[in-house]
Amino acid sequence: MRLLESVDDRNSTRQAVVQADALIDDASPSEAAGRPSVTIRHTHRPPDRDRAIRAVSELLTALGRDPGDVHLAETPRRVADSLLEMLTPRAFDLTTFPNDEGYDQLVLAKDIPIQSLCEHHLLPFRGVAHIGYLPGNRILGLSKLARVAEMFARDLQVQERLTQQIANWLQQELAPAGVGVVIEAEHECMSLRGVRATGARTVTSALHGVLRTDDRSRSEFFALAQGSFSRP
Ligand SMILES: [Zn+2]
């Protein structure tokens, strides 16, 4: 299976590509027995590390600093590598299992640490994600919820889009009865500069399926996800 997915429909030049290559053909016996493993890669246009290093050096100059200063000698390389690390998703195996027991209650992973880069200021925002779903025919390895969140977080982001992308992706790939994602995060562009609202947290949510349409299911999701954030 090969899947191309636009994760930014506002700007076609920044279209990300998600490639999902099902390993059915060379599946191990357990996979062939109904545990398909899917490897996810999420890539933008390949970064140019040398160019990024030169650009940081130029930025230092533009800021009135001397990139030739002995103390700044390694700074362009460090900054470029830091950014590249934060913007490069790690591949992982998306393992799903048949829902043999017919489990039909909420599965919720709470307080998943999340960090991303604000696309407006290139400053980090950090916090936690709470990701839940009502299983359909398949269930997902629990650690994979955090992996999916990380895959989209390692990008230039706004919190609203990040939240929506995680929910949309799970809905499409897992086809559950419902999906709910809540992210609460502190944005350094709000706490370190501008309004300097240290400690202010932004809460966003995205819901699909039964969690969106059914009042009781939605209430249950928010009640379980609650605890470390104020309900939106
Ligand atoms: Zn910002």
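The following paragraphs lead the reader through one protein structure, from its overall make-up to single residues.

The structure is a predicted model, in which local features need pLDDT of at least 70 and side-chain atom pairs count only at pLDDT 80 or more, while totals for chains, interfaces and linings use all residues. Residues are numbered from 1 along each chain as its sequence is written. The term pLDDT denotes the predictor's confidence in each residue, on a scale from 0 to 100. For the protein, the mean pLDDT is 82, and 79% of the residues reach 70 or more. Confidence is lowest in strand β1 (residues 17-22), with a mean of 33, and highest in helix α2 (residues 49-62), with 98. Over residues 1-40 the pLDDT stays under 50. Where pLDDT is low, the predicted coordinates should not be read in detail.

The secondary structure comprises 8 helices and 9 strands. Here helices (H or I, at least four residues) and strands (E, at least two) are DSSP runs, numbered from the N terminus. Of the 232 residues in the protein, 26% are buried. A residue is called buried if 20 or more other C-beta atoms lie within 10 Å of its own, exposed if 12 or fewer do, and partly exposed in between, with C-beta atoms placed from the backbone. Two residues are in contact if their C-beta atoms, placed from the backbone, lie within 7 Å. Among contacts in the protein with a separation of 6 or more, 65% join residues 24 or more positions apart.

Two pairs of helices deserve attention. Two packed helices are described by the angle between their axes and the distance between the axes. The axes are lines fitted to C-alpha atoms, for helices over the stretch in contact, and the angles run from 0 to 180 degrees between N-to-C directions.

Arginine 65 counts as partly exposed, because it has 14 C-beta neighbours inside 10 Å. Leaving aside neighbours within four places in sequence, arginine 65 is in contact with Leu60 and Leu72.

The second pair consists of helix α4 (residues 143-153) and helix α5 (residues 159-174). Helix α4 is mostly covered, since 8 of its 11 residues are buried, including Leu145, Val148, Ala149 and Phe152. The axes of α4 and α5 come within 9 Å and cross at roughly 130 degrees. That makes α4 oblique to α5, and their crossing is right-handed. Val148, Ala149, Phe152 and Ala153 in α4 meet Leu162, Gln165, Ile166, Trp169 and Leu170 in α5. By class, this contact has 8 nonpolar, 1 polar and no charged residues.

With 25 C-beta neighbours inside 10 Å, isoleucine 166 counts as buried. Its C-alpha atom is separated by 6.6 Å from that of valine 148, 18 residues apart along the chain. Apart from residues up to four places away in sequence, isoleucine 166 touches Ile131, Val148, Ala149, Phe152 and Val181.

Two further residues concern the backbone. Most residues other than glycine have a negative phi, and most peptide bonds are trans. Aspartate 111, found in strand β4 (residues 107-118), has a positive phi near 55 degrees. With 14 other C-beta atoms within 10 Å, aspartate 111 is partly exposed. Leucine 122 also has a positive phi, of about 55 degrees, although it is not a glycine. Leucine 122 lies in the loop between β4 and β5 (124-134) and, with 13 C-beta neighbours inside 10 Å, counts as partly exposed.

Notes: Parallel < 35°, antiparallel > 145°, perpendicular 65-115°, else oblique. Left-handed = near helix turned anticlockwise from the far one by under 90°. Nonpolar A, V, L, I, M, F, W, Y, C, P; charged D, E, K, R; others polar.
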